[in-house]
Amino acid sequence: MIGLRSGAMQIELHTRRPFGAREEDVGGWHVLRVTGEVGAASAGLLPTLVVYAVRRGAQQVCLDLSELERVDRSGAEALRRCTRAARYAGGELAMVAPDDPAVAEVLEDSGVGRDVRRLATPPRRPSRAR
């Protein structure tokens, strides 16, 4: 399912585990919250989403991987390509590391940790006072 809402895109791709990407603009960052699995079937979408975000005006893109459940080698390579894609399009990329230790290990082993700047926490909208 691909849906557009107020200029933002939400994507779901169903493989063994569904892939999802939600985007929003928060505090100067264009945040792509990635969920589910990044593997061979979905790997090509991430660099494309990063390039589209930068071409639509985002200078800083954050991949929030905190909810990522699984990544394979092709998915890890796609995450490395995101950095090059952002630079090529004129932007900058950072990521929030996955909460799952097995996913984090795959990313470290593939060199993603060296290539992609890390943020300690994902950019969030400020809570509204009541």
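Modeller: First a term: two strands pair if DSSP finds at least two bridges between them. Helices (H or I, at least four residues) and strands (E, at least two) are DSSP runs, numbered from the N terminus. It's a predicted model, where local features need pLDDT of at least 70, side-chain atom pairs count only at pLDDT 80 or more, and totals for chains, interfaces and linings use all residues. Residues are numbered from 1 along each chain as its sequence is written, and side-chain values use heavy atoms, with hydrogens and water left out.

Biologist: Strand 5 and strand 6 pair in which sense?

Modeller: Strand 5 (residues 60–71) lines up with strand 6 (residues 92–96) over five bridges. Leucine 63, for one, sits opposite methionine 95 in strand 6. The sense of the pairing is parallel.

Biologist: And how many bridges join strand 4 to strand 5?

Modeller: These two run parallel as well, with glycine 36 opposite leucine 68 in strand 5. The bridge count is eight.

Biologist: Is threonine 35 buried or exposed?

Modeller: Threonine 35 belongs to strand 4 (residues 29–38). Leaving out residues up to four places away in sequence, its contacts (heavy atoms within 4.5 Å) are Pro18, Phe19, Gly20, Arg22, Glu67 and Leu68. Buried means under 20% relative accessible area, exposed over 50%, partly exposed in between (1.4 Å probe, protein chains only). Threonine 35 is at 17% relative accessibility, so it counts as buried.
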